[in-house]
Amino acid sequence: MTAAVETATAGPVLLRAAGTSVVVALDGAPRILHWGRDIGELRADDLVALATYDSIGTSGSEPDVPRVLALWASERDGWVGTPTVSGHANGAATTPRPRLVSHEVQREADAQRLEVRLVDEITGLTADIRLTLDRHGVLAVDQSLTLADGAEPYTLDGAIALMPVPQRAAELLDFTGRWCRERAPQRTPFGFGAHVRRSRRGRPGHDSPFLLMAGTAGFGFRSGEVWATHLAWSGGQHYLAERLPEGAGSHAGVIGAGEGLAAGEVVLAPGGVHRAPTALFVWSDAGMDGAAARLHDRLRSRTAHPSSPRPLVLNTWEALYFDHDLPTLERLVERAARVGVERVVLDDGWFGSRRDATRGLGDWYVSREVWPEGLSPLVDVLRGHGMSFGLWVEPEMVNEDSDLARAHPDWILGPAQGPGVTMRGQQVLDISRPDAWSYLRDRISALVEEYGIAYLKWDHNRELLEAVARRDGRDRPIVREQTLALYRLMDELRRRHPGLEIESCAAGGGRIDLGILDRTDRVWTSDCNDPVERARIQQWTGLLLPPELIGGHVGPPTAHTTGRTTSLAYRLATALFGHAGVEWNLLECSDEELAAIGAWATLYRELRPLLHSGRVVHADGLDAGAALEGVVAHDGSRAVYRWSRTETSPQTRSGVVPLPGLGAVGVERVRVRIREEFGVARTMSDVEPAWVDAARRPDGVVLPTAALTTVGLPLPALSPQQAMIIDVQAV
């Protein structure tokens with residue numbers, strides 16, 4: 001479709017979509033006048049008035065002209081917060097004064113776009129900034145910097161996309177975490193100063209800020225205004241929320257995201273171009289669920305988004321670890337077929353001398369010691385059961401005890417003095433080298449071709465410490481080069497093998513971002529399968545990603561990471577709400593356990609069209625040990641909820657709780673059923689609420705929708721570490 005292009009006017013530009021407006025003034029220093037609730041289709045003269053009266057005036061001990069927060073924010077306009085562009089030319093050219101030289105507006109069915117070009121004669125930089133508001137209300141900010149011919153080389157220290165937020169954005173929420181405890185939320189007041197989060201791990205990390213949100217006081221899942229940002233980038237990251245006493249132009253503060261660059265990592269030569277990663281911004285007046293809905297819609301609208309039913313997966317890691325042998329795997333596959341598994345992923349231990357974590361990594365040839373006939377006998381067994389085959393790889397890493405490291409020690413990333421400390425017994429392969437990159441491309445491609453591999457579990461088990469390589473006789477930081485090489489490698493493999501799916505795993509959830517998701521089909525949110533921890537991790541991961549992209553597996557009774565023992569029904573209920581799978585040696589299961597897993601698999605196949613397409617919702621106002629979350633069809637015809645508890649309730653019973661997300665027009669009555677095919681949740685009540693027994697019948701209980709959404713249901717008093725599945729259908 002040809003875009004409608006506007007270039008004639010220098011007046012303010014209004015971008016509108018899905019209840020969101022962005023207004024950009026182009027007089028003087030281009031600046032954001034408004035980002036948030038839709039202001040309607042204002043006339044041109046009204047937009048001019050908005051820009052004219054945007055000036056904040058001046059006060060004592062301030063510049064004599066009003067301060068402005070420009071698209072290229074700098075001290076020239078009185079902004080003393082974090083600048084959009086920071087750097088220098090051999091210690092000079094540190095005071096940019098950019099001027100607007102052109103702009104263009106494009107309006108298409110799926111997006112509205114403003115592109116501006118700013119030129120700065122002091123640094124010699126030209127900035128091309130593109131703001132794209134898609135039809136879901138998500139704003140993408142892309143920036144590129146080009147150094148003029150004849151200019152002195154420019155060392156870029158940082159380029160960050162900033163968006164203003166108003167005074168009522170009084171609180172911040174972002175995330176921290178560690179291995180097996182990813183996406184742990186932290187909430188703070190949005191006070192004066194800078195809230196800065198930097199990732200220097202060579203990947204976002206288990207403690208990634210992930211999604212930085214500013215919101216009105218007390219904002220929740222279903223309530224309050226939220227302004228959020230996410231960086232679609234898998235390398236170093238820089239997140240920022242900043243508020244100064246004098247404000248940010250006519251606004252109170254800013255949030256922003258950009259690439260975290262090491263000192264000297266990017267030095268632009270004359271004519272050189274730096275393209276910053278895309279920063280995404282989303283506003284919602286319906287709490288965090290509203291922001292998540294916009295992001296989910298954006299992802300689901302991609303042409304490359306998974307469209308086939310997400311197969312039930314068996315991953316062999318916690319079943320067998322490194323103990324591979326064909327007879328055992330054949331029996332495991334037989335059990336997997338019995339319970340309804342549709343894909344088997346062979347994890348670590350199939351290649352080279354890899355009998356433990358200390359050797360063989362990088363030698364991507366099938367071990368003839370373990371697999372004397374190659375992997376074909378196993379693949380044939382899988383195909384005989386109608387299953388697809390997946391394989392674990394960790395291409396970016398290498399053991400020092402490997403044929404690859406012995407043949408190419410110069411491929412190992414590190415300073416000239418030699419490689420640094422190992423993590424999990426491994427070093428990092430410099431895949432920015434064309435020869436190392438080509439080796440990985442050819443070996444992985446050959447494996448995919450030979451065995452008809454449908455799925456790669458792509459792991460990344462260590463951080464990039466001392467991530468430098470020899471460039472022009474010197475050690476230079478290359479996290480950016482490494483990240484771009486990774487993207488090229490994944491893109492090339494998918495080009496060569498259409499339909500190949502890739503999972504992003506990084507010691508669990510250490511690399512989850514929308515840069516890696518542009519070329520992968522799901523993420524492994526954590527190495528922790530303990531359902532108490534996993535439910536929280538997946539809940540918060542779901543603010544960015546819809547369920548079909550979130551891998552969640554049922555593990556054995558006692559989690560190997562925490563040592564906690566939980567009931568099978570609770571573990572199955574937790575794994576249901578995502579791209580479900582099994583991480584358990586089914587050969588150790590009783591017939592009763594296998595029957596429960598089979599019933600759960602059947603329910604998963606029934607519900608996945610809804611789970612993987614509907615609107616994700618969460619209830620507010622519950623105590624810390626309780627959660628009510630669900631997925632609601634867009635037309636309101638069906639919803640499924642998980643009511644769960646990790647610890648005892650402070651009160652005797654939970655009381656009446658509205659079911660979030662119901663109430664579609666025309667759906668006046670619904671049938672409520674409790675799904676207990678795979679197990680019954682234990683409660684602490686002698687007598688359950690009256691509706692519970694009725695909902696346990698095959699035909700359930702019919703109730704008015706308004707009662708469920710406005711009044712709510714008295715939910716059962718669950719025992720700790722229990723969950724109940726509630727199925728709601730229109731009648």
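Buried means under 20% relative accessible area, exposed over 50%, and partly exposed in between (1.4 Å probe, protein chains only). This is a predicted model, where local features need pLDDT of at least 70, side-chain atom pairs count only at pLDDT 80 or more, and totals for chains, interfaces and linings use all residues. Residues are numbered from 1 along each chain as its sequence is written, and side-chain values use heavy atoms, with hydrogens and water left out.

**Stop one: helix α4**

Select residues 326-339, helix α4. Helices (H or I, at least four residues) and strands (E, at least two) are DSSP runs, numbered from the N terminus. Now colour Thr328, Leu329, Leu332, Val333, Ala336 and Val339: they are buried. They lie on the same side of α4 because their arc around the axis is only 135 degrees, taken from the directions from the helix axis to the C-beta atoms. Turn to the other side of α4 for Pro327 and Arg338, which are exposed.

Show what covers the buried residues: among the elements are β22 (343-346), α5 (376-384) and α11 (591-611). Just after α4, pick Gly340, with a positive phi of about 100 degrees.

**Stop two: the sheet**

Next, display the open sheet of 6 strands, in the order β33-β34-β35-β40-β37-β38, with antiparallel pairing. Two strands pair if DSSP finds at least two bridges between them. β33 (615-618) and β38 (701-704) stand at the edges with a single partner strand each, so one side of each has no neighbour in the sheet.

Zoom in on β34 (residues 626-632) and β35 (residues 638-645), an antiparallel pair with 7 bridges. Select Ala626; its bridge partner in β35 is Arg645.

Methods
Expected span 1.5 Å × (residues − 1). Contact = heavy atoms within 4.5 Å.
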